[in-house]
Amino acid sequence: MAEGRSGEDIVSEYLDQNPHLVEWVESLRGVHETNKQWHARREFFLRNMETFPTVQPGFPSPSLDRLLSLSICWANHIFLGCRYPQPVMDRIKEMADGVVVNDAPVRKTRDEIMGKGKKTAGGDDDSCAKRAKPGNPFKQGPPPQAPAEHQPFFNRLYKAVAWKLVSAGGFGPNLDHFEILRACTESSKESLSCVFVPLKDIPDLPAARTQKEGQVCELRCQTVYLGTGYGRDEAAARAMASKEALKAFQGRKVTVKICRRRFNGRDVEDLVLLDDQPRNPGFPPAISYPFQPEQQGDGPS
């Protein structure tokens, strides 16, 4: 694709010159992607197609799945602040060379999210007051219609996971839980978001765990919380989080609901994936929260 012009112009001209690609490319759009997110990811995808020479429009292939997964990881990183293993971050950064996203959300560091930054009188509170709209000190959370919007995707994911578990001989301790969840999610044209935080940095943690070393992993997909895991390192924490997430797929169905959780020392509403079994309503404290007020503009049109 040509350089030196806006990404939108380049994409439009490229598709004008290759009209047979238009319908196929549009079929790759995620159900919940806003126009802004899709236009950016579409440019990322088209710019990198030539580096995956075995990708054939209209035909599934491992190369296409890989390119789609990388484009989704990049979009999740830019628009939702998701982080991935460093080799993936390096790869998508290299692949995004030349893709410009105007007014991309500004992300906070982990210390800022966890409330470890120093506060000065009138500092953070004043800046929050200036950003907040009149009649609104700090409203946030998923919109009421969010569970219904996300439910169809997780119905499909439930079926994919169920078949995968059947082929693996059922749910058990010896499975690669993360690989099963990752493969099923990516086959549904989405990706998992993994956020890692040192165990000792988590507020609201039970006293028995506060002195332990290790990592905490939180898994989400489409901003919906799936599970949390603890481990001696990131791989172990991710494996435990995946195992916890897969437990929701053991019932007769999964349901997306808005539930109360703790995040950064306060109660918030979060999107959570639940099964049909009665369980303790308590959840681990959130270590990421994709429903900050500054992230909620630019809805689908």
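The structure is a predicted model. It contains zero disulfides. Lysine 189 and glutamine 222 are discussed for their positive phi values, about 65 degrees for lysine 189 and about 55 degrees for glutamine 222.

**Cysteines**

- The count of disulfides comes to zero, where a disulfide would need two cysteine sulfur atoms within 2.5 Å.
- For cysteine 221, the closest cysteine sulfur belongs to cysteine 82 and lies 9.7 Å away, so the pair is too far apart for a bond.
- Cysteine 221 has a relative accessible area of 1% and is therefore buried.
- Cysteine 259 is also buried, at 13% relative accessibility.

**Backbone angles**

- Most residues other than glycine have a negative phi.
- Lysine 189 is not a glycine, yet its phi is positive, at about 65 degrees.
- Glutamine 222 is likewise not a glycine and has a positive phi of about 55 degrees.

**Setting of lysine 189**

- Lysine 189 sits in the loop that runs between helix 9 (177–187) and strand 1 (193–198).
- With 41% relative accessibility, lysine 189 is classed as partly exposed.

**Setting of glutamine 222**

- The loop between strand 2 (215–221) and strand 3 (224–231) holds glutamine 222.
- Glutamine 222 is buried, its relative accessible area being 12%.

Methods: Residues are numbered from 1 along each chain as its sequence is written. This is a predicted model: local features need pLDDT of at least 70, side-chain atom pairs count only at pLDDT 80 or more; totals for chains, interfaces and linings use all residues. Side-chain values use heavy atoms; hydrogens and water are left out. Buried means under 20% relative accessible area, exposed over 50%, partly exposed in between (1.4 Å probe, protein chains only). Helices (H or I, at least four residues) and strands (E, at least two) are DSSP runs, numbered from the N terminus.
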